[in-house]
Amino acid sequence: MRYMNERKDWKIKVRFGTLKDYFKLTQQDELGKKYSGKDADFPVLSGDFFPYSDRNHEYWTGYFTTRPFDKRFQREVQGHIQAADIAVTLTYAFYKRWGLDTQEKFFHYSSLMQSAHRVQGQFLHHDAITGTSKDFVVIDYEHQLLSAYNGSQSVMKMALQALITQGKVETPYVFHPETVRRRYNEPPRKVPLKLGEYGLRVFVFNPLPQYRQQPVRLLVDDENFIIKKPSTRHHSMSDQSRVGRGRQHYCQASPVRGTHFVETQPQEERAEPIVIENSRLRVRVDPKTGSLMDIEDKLTGNKTVVNLCFAMYRSQGSGAYLFYPQSGSTPLISGIPVIRVVEGSVATELTVIFEPYIEQTLTLYHHPALLSSALHIRNTLSIQTLDDREVVMRMKTDLRLKKAEFFSDQNGYQFVRRRTNMNVQLEANYYPLTSGAILDDGVRRVSLLSAQPHGVASAEPGWLEVMLDRQLRYDDNRGLGEGVEDSKPTTSEFVLLVESRTPSLQRPPEDEKTAAHYVFPSLLSLTLNDRLQQPPQVFYSLIESDVFFASVQPMKTALPCDYLMLSLHSLSTGNLQYNGTSFLLHRRAYDCDFPAHDLQCATVADSVTFDGLFSGLGMGVQAVRETSLTHLHHKRSLATSASIELTPMQIASYHLVF
């Protein structure tokens, strides 16, 4: 560069440019064109760059789903790490309040959490989260995820035991997780709880900054027991259902309102639809195919056709990166499935077993009212015996859409409109689904919320299909050098929410030129998705001691529904000493056209201060600084009595000192 600039006869000046230089020169160029009348409008690109094709009309849309077992594994690890971070922060703050030593305990917790965070960061590498690594590398990633899962779970059990006993019983560790992972290539399993002579204690940790009431499922070895609350009120049990090993029961958690058993009811051969319902919804299922038929809102009488079925594509060139199917799909199942209905006072479940590939469970909760407003779907898919197949769950609705289009989220932040181009093949119309997809015709909205990432498309107006798993023999010549043939039994969870706009706000489908490029989810959808993404953490203890009959409520003031606590993570120095706490908040924008009810949280934010939010910690917050997201840049210092106020879609980052 110096040589070129020294050559005067070349008449050039070369230097490194930055993005700031690029945009400055581009703006000057466009202003010049505008003043000269050559170009009146600055070109604008909205949305993202999906789907991507590098050559020969081959689209990189397969990796949105490749190796779904690991994608779900990562999402579970993420939830564990977030909950463990909160538990560590609360333990540090309460230990200071109780006058106990914090240094040794914080060092131990931080060393385990540092390893878990590093695994999380490592797996977000593009060849890990995308599922496009070689088989032996995938196994190594899964071992790492397992260590992060178990490590963060260990931190939680140690921190919660310290909190629930006020630091009196630190060792031996008598808290145990109710759900565990034994091996890197197996799904999580519930621990059969042995009640014994003195029973056991169950502890539920809620990582959300809002009040929470929802069922928790336990696996116990006895059908006759009672739930005893700290207030000494008792709840007796009567009915039961045997599901696999031991017995599986529901209990109401946070606060506990009791446990109810359910019983299996076999369905005889019948022509009329199978109906399951609660106080809000009536769901009909075809008895011959096991497919969901429609959902009726019992409050409004509105019935929406939602036909749910499974199909598969045969590959003609798909690989870890590419989705390249032969034209058209075929049904995954051709025979009559096994259908089981389980009814109880807390929930009604309908399980459809499509042997040998998939088991689908549709759940309608009766309590609480928030969860009863949606249909909960759980699929367990096993396609190891299939060859060169890609399996989808297809949803056909009667929404009156003029064109095949839907909205999917960008990293859980914004829902962007995806229009299907009928002039190109299906693989060119697949998009990533991070946490949800929406169909909206101006009158009704169908939201499919997902606990794990997938690829999603809309082949016809009112349709939505989600790719669940892929088993591929051949390489797609994009650098991997092998197919994807290590499929494992994989569970996927969804929440299906059907909503109707307030009558005065209903509108016809928008014209393509005037339609918005994005939408916002409803407040009900946001609240349900929070509970899907951050499940309660459940632990138990076999020790008989009244010291455990305590509860910890560090946040005396709950945040409004549209506030999401992204992080409450204690930072550490290079030698793992406490260095303040990272507190990240996100205020989500939401669509006000849909009624909001039974949300368990406030819709209007009262004045919330840092002191008020953490008043349960006793000593409270000593210092607050607003910083950049990475805490590298200081913005301003705030009083601990300052109100927390965010505008919609804003993410704010604070550095707290307890």
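Phe94 is buried, its relative accessible area being 5% (buried means under 20% relative accessible area, exposed over 50% and partly exposed in between, with a 1.4 Å probe and protein chains only). The model is a predicted one, in which local features need pLDDT of at least 70 and side-chain atom pairs count only at pLDDT 80 or more, while totals for chains, interfaces and linings use all residues. Residues are numbered from 1 along each chain as its sequence is written, and side-chain values use heavy atoms, with hydrogens and water left out.

A pair of aromatic rings is described by the distance of the centres and the angle of the planes. Rings of Phe, Tyr and Trp (its six-membered ring) pair if their centres lie within 6.5 Å; planes under 30 degrees apart count as stacked, over 60 as edge-to-face and the rest as tilted. The count by this rule is 24 aromatic pairs. In one of them, the ring centres of Phe73 and Tyr149 are 6.3 Å apart and the planes stand at 70°, so this pair is edge-to-face. Because Phe73 lies in helix H3 (residues 68–97) and Tyr149 in helix H6 (residues 135–164), the pair ties together parts that are 76 residues apart in sequence. Helices (H or I, at least four residues) and strands (E, at least two) are DSSP runs, numbered from the N terminus.

Phe73 is buried, at 0% relative accessibility, and Tyr149 is buried too, at 2%. Trp98 is partly exposed, at 24% relative accessibility.

Arg181 brings a charge to the rings of Phe73 and Tyr149. A charge sits over a ring if NZ of Lys or CZ of Arg is within 6 Å of the ring centre and within 35 degrees of the ring normal. For Arg181, the distance is 3.8 Å from the ring centre of Phe73 and 5.5 Å from that of Tyr149.

Next comes the sheet. Its 5 strands form an open, antiparallel sheet in the order S33-S34-S37-S35-S36, where two strands pair if DSSP finds at least two bridges between them. Strand S33 (563–572) and strand S36 (634–638) are the edge strands, each pairing on one side only. Strand S35 (residues 623–627) pairs with S36 in the antiparallel sense over 4 bridges, and Val624 has Leu638 in S36 as its bridge partner.
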